[in-house]
Amino acid sequence: QVRLVESGGGTVQAGESLRLSCAGTGRTLSWDVMGWFRQAPGKDREFVAGIDGLGNIIRYADFVKGRFSVTRESAWNRVYLQMNQLETEDTAVYYCNAGIKWGTDWAQPGDYWGQGTQVIVSS
């Protein structure tokens with residue numbers, strides 16, 4: 001069994017930063033593609049960023065525009081999302097996911113989801 005727990009969300013002003021953390025338990029996740037999806041009110045859930053098991057392949061959604069960085073720490077079964085220059089449009093619930101399948105321009109989430117952490121960006 002796999003459990004993912006996110007932390008680090010909160011309320012910030014536009015232009016500020018947040019760092020999200022996801023901790024996995026249940027089994028080693030070092031060979032899984034892990035990353036982040038988000039869902040804003042009235043919107044579909046969408047891919048944000050992901051990183052493969054070795055950290056060799058990293059992909060971001062177009063809206064990231066160079067502002068975010070996804071990293072992982074295999075020894076602690078963790079994945080992070082550093083978000084800088086946040087915009088009001090980034091307001092959403094952010095979900096950690098493990099087992100992502102993806103290509104250059106698509107991403108399918110795996111079966112393992114965290115509970116979500118709320119990010120609110122005010123202007």
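This is a predicted model: local features need pLDDT of at least 70, side-chain atom pairs count only at pLDDT 80 or more; totals for chains, interfaces and linings use all residues.
Visitor: What is the volume of the largest pocket?
Guide: The pocket is lined by residues including Phe47, Arg59, Tyr60, Trp102 and Trp106. Asp62 and Asp105 are also among the lining residues. The volume comes to about 180 Å³.

Visitor: Which handedness does the disulfide of Cys22 and Cys96 have?
Guide: The sulfur atoms of Cys22 and Cys96 are 2.1 Å apart, which is within the 2.5 Å cut-off for a disulfide. The torsion about their S-S bond is about -80°. The disulfide is therefore left-handed.

Visitor: How many residues apart in sequence are the parts that the disulfide pair ties together?
Guide: A search of the whole structure finds 1 disulfide, formed by Cys22 and Cys96. Cys22 lies in strand S3 (residues 18-25), and Cys96 lies in strand S9 (residues 92-98). The parts tied together are therefore 74 residues apart in sequence.

Visitor: Is Asn77 buried or exposed?
Guide: Asn77 sits in the loop between strand S7 (68-73) and strand S8 (78-83). Its relative accessible area is 12%, and the cut-off for buried is under 20%. Asn77 therefore counts as buried.

Visitor: Which residue has its backbone nitrogen reached by the side chain of Asn77 at 3.0 Å?
Guide: Asn77 touches several residues beyond four places away in sequence, among them Cys22, Arg27 and Leu29. A polar atom of the Asn77 side chain lies 3.1 Å from the backbone oxygen of Arg27. The backbone nitrogen reached at 3.0 Å belongs to Leu29.

Key:
Residues are numbered from 1 along each chain as its sequence is written. Side-chain values use heavy atoms; hydrogens and water are left out. Helices (H or I, at least four residues) and strands (E, at least two) are DSSP runs, numbered from the N terminus. Buried means under 20% relative accessible area, exposed over 50%, partly exposed in between (1.4 Å probe, protein chains only). A polar contact is a pair of N or O atoms within 3.5 Å; within protein, one must be able to donate a hydrogen and the other to accept it, and residues adjacent in sequence count only if both atoms are side-chain atoms. Contact means heavy atoms within 4.5 Å. On a 1 Å grid over the protein atoms alone, a cavity is a set of points where a 1.4 Å probe fits but cannot get out, and a pocket is an open set with protein on both sides within 12 Å along at least five of seven lines; lining residues have an atom within 4 Å of a point. Grid points are joined across faces, edges and corners, and a volume is the space filled by probe spheres set on the points.
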